[in-house]
Structure formats: C-alpha cells, structure tokens
Amino acid sequence: MAELLEVRNLVKHFPVTRGVLFKKTVGHVRAVDGVSFTLAAGETLGVVGESGCGKSTLAQVLMMLEPPTAGEALFEGRPMFAMRGNALRDLRRNMQIVLQDPYTSLNPRMTVGDIVGEPFEIHPEVAPRGSRAARVRELLDVVGLNPEHINRYPHQFSGGQRQRIGIARALALRPKVIVCDEPVSALDVSIQAQVMNLLRELQGEFGLAYVFIAHDLSVVRHLSDRVAVMYLGKIVEIGTEDEIYRHPTHPYTQALLSAVPVADPALRGQRDVIRLTGDVPSPIDPPSGCRFRTRCWKAQDVCAEQEPALVDRGGHPSACHFAEERSVVP
Amino acid sequence: MTEQISVLALDKPRGLFGDAWYTLRSRPLFWVSVSLILLMVLMALFPALFTAKDPTLAQLSLSRQPPSADAWFGYDNQGYDIYARVIYGARASIVVGVLATLGVVLVGASVGILAGFYGGWLDSVVSRIADVFVGVPFVLGAIVILTTLNAGGDAGPARIVAQVVLSIAALSWPVSMRIMRSTAIAAKQQDYVKAARALGASPRRIITKHMLPNCIAPVLVYSTIALGAFIGAEATLSYLGIGLRQPVVSWGVMINSAKDYLRVAPHALLFPAGFLTATVLAFVMLGDAVREALDPKLR
C-alpha cells in the first residue's frame, strides 16, 4: 500500500515559563517526544494511551494547529510543515479533523447549514456557489441527519447529532485523511456505537484513512487496522489489531488490556489482571531510559540506563528490553 | 414548562439573540426601560411634538416663576421656559451619549479583538496604552483635553459636541477594549476556532465569523450601561463649565445655570436633573436586563 502520511520522529515540547515581566523558561513539557508512524490510504491507525500521554497534542501538531518542535511529516511524500500558500490549502483539503467535544466544536452562532457549508466558502473551488446548499443537504443526509434541519442551531441537537455535524464538516472537502481526536469520548455508550459505525461506513464509502485517537481500547479495536500504544509522549508498541490485542509484548500494553472489561460472564475471572502501581511521571521530567520503568514489574538496571528502541521484538515493534508475549485476555 | 413545550412545537430555529429576545419579552424591567428610552429618543428627534414654545426665548419678566398651568416646569433665572428646554435638551444629551458610546465600542472592541486574537507584542503594546488612559482620572483628563482643544475660545455647537464626545471616548475606550480582549482570548481557545483553522480559514474570517459573534455580547451589555453613564458624564462636564455650553441646550447646561439659584428656584434644577436621572437609570436597567438575557447561566 502507498503511504499517505509518514511521520518521522515528531517532537512537541511546550515551554514552562516563570515570572511575569521577565519570562524565564524553567523546563519543557515533553508532550510528544519522538513519534514515528506511517498511514496508508484507506487505513485506520488507532492511537491509545491514558490521559496526558500526548495523543491530542499529536493530533494538533498533525493538523498544523501547533508548530512542531522537531521532526518531520510527509503527506504523499511532501514535507507538510514547510507548506505555505496553495500547497497548505491543498493539504487542508486532504486532511481534516473531528474534535472531541461536540458541545464546543460547533460555533453556537452559526446554523448547521453555515457550519457544514463553511469549508466550501473557504475553498470555493470545491463547489460552485449555486450547488453549495445541495451539497450541504447531501452531507447531512450522508451522516444520518435530516437535511431539513439545515437552518437549525447547534444547541437544538443532541450530543450524538452534533458529532455528526462535526463529521459532516470534516467530510465536506472529501479529505483523504481524517484525524479523529477522541470523537466518541464525550458521548453516551449507545451513541458511541452509532457514531463508530457511521465512521466505518464513511470509510468504506469514501476510502478515508483515519488517525483514530482514543483512550478506550475497545473503541479503537472496533475500527482500527493497526494500533499504536502511547505512554508519556512516546509510542511503546505498534502493530496490527491482532498483534496488539492477541499478542501484546510491551508490559504497558498488557496492563492496559487487562483493564478492559470483559463482556462475557463465562470468561470473567479467567483473565490475568495486572495492577499498575504509582502515577504517570511528570512529562516535564520523565524517567531516564525506559519511561515506563517506574511502574513496570519487569524493570531492571538496564531499563534506567538504556532507552529501549521501538524495534521489531517478537513479530512487531515494541519498545521494551524484556518484550515477551503474554496473553492477557482469554 | 408550558412555554417550553410550545416553543418546541413551533420548531422555529432561534439563535442566541433570539433566545435573549424571548427572555427579555417577559421582563417588565425591560419594557419600562425601553419605553422610557423611546420617549427620550422621540423627544430628541421631534421636540416640537411635545412643546410649542421656543427654548431660546428669554422673558426676564417671568424670571424664576414657579411651575404653573401655563409653564408646567416654571421659568429659570433668565426667564427661559424650563419645560421647553428640558425637551430640547434631550437631543444634545442623547447625541453625546450615543456618539461617545459608538466611538468607545468601535475603537475599543476592534482594538480589543485584534489584541486578543493576535496576542504577543501587539497585545502588550495595546494593553499598556490602555493602562495609561485608565490611569488618568476621568474629570481631570476631560478638563485637560477640553481646555486644550478649546484654547481658542468660541466654537460652534457642532464643534462643542464633537469635542465632548471625543474626550469621553478617548478616556473610556480602554474599558470596552479590556472586555473584548478577555472574551476574545477565551474564544480563541474554543474548539470551533480550531476547527476553522484546520479548514484553512483566514484570520479575517475567524475574527469576523467566529470570534466577533461570540464575543460581542459582553461589550453590548457594557455599551448599554455606558450610554447612560456617558449622558451623565456629559452633564458632569457641562456642570463644570467645560462641556457643552450656551448656545447648546442640554440638561447639564441647565443644571449648571440653575445651581446658583437652588434656594430661590429649586424647580430650575430639579426638572432637568430628574430627566437626566431617569434616562441614565433607563439605560442601566436595559443593560442589566440584556446582560441577564444573554447570560445563560443566570437564566
């Protein structure tokens, strides 16, 4: 498969400053610290990790809402971060984002028609003026909303419906990649499934590639071809859905998986529960060597001295000196 | 509850201002202030509707006559009909108030939204300049501006009004600028602004389509209250003898000329002062009602 998006060693540090008049940088929050992955056309890459591990920052940097500190990203082989003018406009057409909170991601003073039609106003070459209203109605229909509601305001819709509006807006320019920044985390479980199914249908219909960010492993599994597990700004393990869920080799992935609730009562109690102790260390001052070592039951001296590289260990890339398969979920 | 159901049944889309109007409609405070303001505006536009008398006709023989059936508010020291002058005085007071508010809101809001949106050095420079203007006490600043502008002496009525408007606007714009700046900073972080940036929207589009409609409410509320305050400020400056003055007729000018005869002709001061108070109060009440209607948390 041709690589649509290739991210190399992406870094985003936020300076921590002190002082009112004379600002002094006293440290950096290492939100994203050397992340690399590829995304093929039509593929879904799930990104999971707990709160504060840098998932959303990754999305913001990919959408060029925040400038990266270092690293590179190629879209169809061309470096993204150097793009200006028309090249950047083209990129914006090809990459869109669905944000987490449907209550804040829609402008409360605009009607649904204006919100979904705004991409056409910014990129007038996509749809001639006369056809825009029809295109907006079509988009609303595609995401499962009543096209008659085009003149309503966001506050007249439920959370799930609002997220559909956000998806319609992202879809308007027919992008190749949609970055979904926890698109279902703010929704009820029953609505989550509807929105997930919608995203999957749209992927089939339009050949979309997703970077799907979530903190819920079961949500990611439902949609992803490949999954990347993040911890403190780094990817600790990446592989196909089967490799990550059936044959995890990194202790952090194993611990995460063991925390997923099991729906089948017959299987309950059979799985191997791993309880992690302690908190996530501060991203301002991450541990030396392996970042997970402070909470890892396998940690040895080597973990503090040498940072494990994300290289193939036991079938797929895993960043652990003691990578070893352990079936957590029966 | 029944109201909510009927709204849902109507199924008419309403924006935030539509919602605000819906709340305002049922508030007596709103209607009282609006009718008072409409009455004052009508007086300012068509004073002849209210009185047939000439406000510039001085009849010294009638000097300081108390109110009577013939002259409802009596006569002042110069023998002017106070009722006629109060009616005609509404125009200058309201014109000053409206123009000063427009100036303050246009300058303050546009500078504030730019400072809030771009941040950085622009924000620092603008904020420090605003601090300088806020640091000057209002009356002192107005005295300095007005005496400097009017060093030559005799200016026409239009020029006097322009000078007073300018001095009020110059000393008050930082307030609306600060309000706008802080709401703009909050709005800039909103997800819908991020979504617009991800779509490739220009800064101009983000400011006009996304930030301005969401930031304007607090400034609108402030401007309603400020309009009342500026009418009062005009009266203050006129009372001190540096604002409007003869031949312009305004409530402040009337209060100024009546102050020396308070004990012998209190009606000459009470009537213009009463109209001034009522107008200021009406705008403040309107601002209060609008603020409550626009703020969903207070509903």
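**View 1. The contact between chain A and chain B in the predicted model.** On the chain A side, 23 residues are in contact, and they meet 17 residues of chain B. Three elements of chain A, namely helix 2 (85-94), strand 6 (95-98) and helix 3 (112-122), each supply at least two residues of the side that touches chain B. Helix 3 of chain A gives the largest share of that side, with 3 residues. By residue type, the side of chain A that touches chain B divides into 9 nonpolar, 7 polar and 7 charged residues.

**View 2. The annotated region of chain A, residues 5-257.** An unreviewed UniProt entry carries the annotation "domain: ABC transporter" for residues 5-257 of chain A.

**View 3. The fold and dimensions of chain A.** Chain A has 10 helices and 12 strands. Its C-alpha trace spans about 70 × 60 × 45 Å along the principal axes. The radius of gyration of chain A is 21 Å, which agrees with the value near 20 Å for a compact globule, because that is what 330 residues would give.

**View 4. Burial and contacts inside chain A.** Of the 330 residues of chain A, 44% count as buried. Where contacts in chain A link residues at least 6 apart in sequence, 66% of them join residues at least 24 apart.

Technical notes. Residues numbered from 1 in each chain as written. Chains lettered and ligands numbered in written order. Predicted model: local features only at pLDDT ≥ 70, side-chain atom pairs only at ≥ 80, totals over all residues. UniProt positions renumbered as here; feature names shortened; annotations may be inferred. Contact = placed C-beta atoms within 7 Å. Helix = DSSP H or I, 4+ residues; strand = E, 2+ residues; numbered from the N terminus. Nonpolar A, V, L, I, M, F, W, Y, C, P; charged D, E, K, R; others polar. Rg over C-alpha atoms; globule rule 2.2 N^0.38 Å. Buried ≥ 20, exposed ≤ 12 C-beta atoms within 10 Å, placed from the backbone.
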